[in-house]
Amino acid sequence: MNRPSVKRHLLALCTAAGLGVSLGLAALPAKAETFITVLTGGTSGVYYPLGVALSNVYGKALPGAKVTAQATKASVENLNLLQAGRGEIGFTLGDSLSDAWKGNEEVGFKQKLDKLRTIAAIYPNYIQVVASKESGIKTLADLKGKRVSVGAPKSGTELNARAIFNAAGLAYKDFAKTEYLPFGESVDLIKNRQLDATLISAGLGVAAIKDLSSSQEITVVSIPADVVQKVGDAAYITETIPAGTYPGQDADVPTAAVRNLLVSHSGVSDDAAYAMTKTLFENLDALAAAHVAAKQIKFDKSATQSPVPFHPGAVKFYKEKGLM
C-alpha cells in the first residue's frame, strides 16, 4: 500500500491550540487519511499492550490519522518492516537495533538497515529465565539436559537467549529439546509439562509469567553479574528482579537487562516524528496504566542514547527541552 505522507497532515502543529491530547493539534480533514502503524510484539508480551496504549494516545492526538497497533514477532521483524516503510514507529531491543544498523545477517538482517531513525530510548527489558519448580532447575547450569524455549526465531528475545546462554557456557545443543516459541506458547507447554523452562526478555510483570506462576510453583533463575560481563556487549547491563514481582518469588533475583527503544525511519516526516516524540513523553501516565513497565520510562538524558541516529523531528523536540 502506498501510504499518504504524514507530513502534510501535521502542518498545523505549531499554530493549532486547544484540541487533541497533549499536542493541541487541530482536527485533520476527514478525507486526508494518514496511516500510523505502531509495530509491537506478541500479544502475551509487554510491547503489545504498550503499543496499543501508544496507538490510542496517537489516535486522540492526531484526529485525522488512522492509527493501528500491529502484533509482530517483535524486534527483528519490526526493524525490517520499518526499513521497508511498512510502519511508522516500532519497539525494539537495543542489541537488535545495533545489529540492524550493522547489517548482521546471522541474526536476521540481510543488509544494513540505514533508514532507521530513533525516536526514544525507553524502559529496560529484563532477561527473565523461568522454570517450573518441579523441574529442579535452580541455576543456568541446571538447564543442561532440560527442555527449554528460547523465544520466537530470531526475535529480540532469542538473540538475548543466545548471548546469555553462550556467556554461561551453554549452547542450544546442550538442551534435551529447544523450542522457538513466543511467551504465551512457551508458558502453555510448561503448564502441560512439555517444557521445563523458558527465557523471556521483557519489562517486569510479564502477563505470561504471572499466568504460569498462578497455576504452579516456579523458579526465577538468576543470571549472575559475571555472566552478564562475559556477554561482551555494552547493551547488556546487570539488573535485579525485585522480590514479589511474581507470585511465589520471595527474594530479589540478579539478572541481565537490555534497553528498549522506539524507532521510526527516514521516510517519516520531521513534523510527524516531532509529534510522536512529544506525544509519547506527555502521556507517560497512559502508558503506565497499560503496563507497569512503562513506569520506568524516564524523560531525561537516558532517552537520547541509541546506537542509531535520532530522527531530526525527535532531535528538535529534545533540543527544545534541553536534552540534546
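Colleague: What makes Glu158 count as buried?

Modeller: Its relative accessibility is 1%. Buried means under 20% relative accessible area, exposed means over 50%, and partly exposed is what lies in between (1.4 Å probe, protein chains only). At 1%, Glu158 falls under the buried cut-off, so buried it is. Bear in mind that this is a predicted model, where local features need pLDDT of at least 70 and side-chain atom pairs count only at pLDDT 80 or more, while totals for chains, interfaces and linings use all residues. Residues are numbered from 1 along each chain as its sequence is written, and side-chain values use heavy atoms, with hydrogens and water left out.

Colleague: How do you know that Arg162 and Glu158 meet in a salt bridge?

Modeller: The N to O distance is 2.8 Å. A salt bridge is a side-chain nitrogen of Lys or Arg within 4 Å of a carboxyl oxygen of Asp or Glu, so this pair qualifies. Both residues sit in helix H4, 4 residues apart, about one turn of the helix. An α-helix has 3.6 residues a turn, so residues three or four places apart point the same way.

Colleague: What is the phi of Arg193?

Modeller: It's positive, about 60 degrees, although Arg193 is not a glycine. Most residues other than glycine have a negative phi. Ala74 also has a positive phi, of about 80 degrees, without being a glycine. Ala74 is in the loop between strand S2 (65–70) and H2, and at 14% it counts as buried.

Colleague: What makes helix H2 mostly covered?

Modeller: In H2 (residues 75–83), 7 of the 9 residues are buried. Among them are Val76, Leu79, Leu81 and Leu82. Gly85 follows H2, with a positive phi near 75 degrees.

Colleague: Why is H3 called roughly perpendicular to H4?

Modeller: Two packed helices are described by the angle between their axes and the distance between the axes. The axes of H3 (residues 94–102) and H4 (residues 156–167) come within 9 Å and cross at roughly 95 degrees. Axes are lines fitted to C-alpha atoms, for helices over the stretch in contact, and angles run from 0 to 180 degrees between N-to-C directions. Under 35 degrees counts as roughly parallel, over 145 as roughly antiparallel, 65 to 115 as roughly perpendicular and the rest as oblique. That puts this pair in the roughly perpendicular class.

Colleague: Which residues of H3 and H4 meet?

Modeller: Asp95, Ser96 and Asp99 in H3 meet Gly156, Leu159 and Asn160 in H4, contact meaning heavy atoms within 4.5 Å.

Colleague: Why is the Phe281 and Phe317 pair called stacked?

Modeller: The search finds 11 aromatic pairs. In this one, the ring centres are 6.4 Å apart and the planes are at 10 degrees, so the pair is stacked. Rings of Phe, Tyr and Trp (its six-membered ring) pair if their centres lie within 6.5 Å; planes under 30 degrees apart count as stacked, over 60 as edge-to-face and the rest as tilted. Phe281 is buried at 10%, and Phe317 is buried at 1%. Both belong to a cluster linked by ring pairs, including Tyr274 and Phe299.

How values were computed. Helix = DSSP H or I, 4+ residues; strand = E, 2+ residues; numbered from the N terminus.
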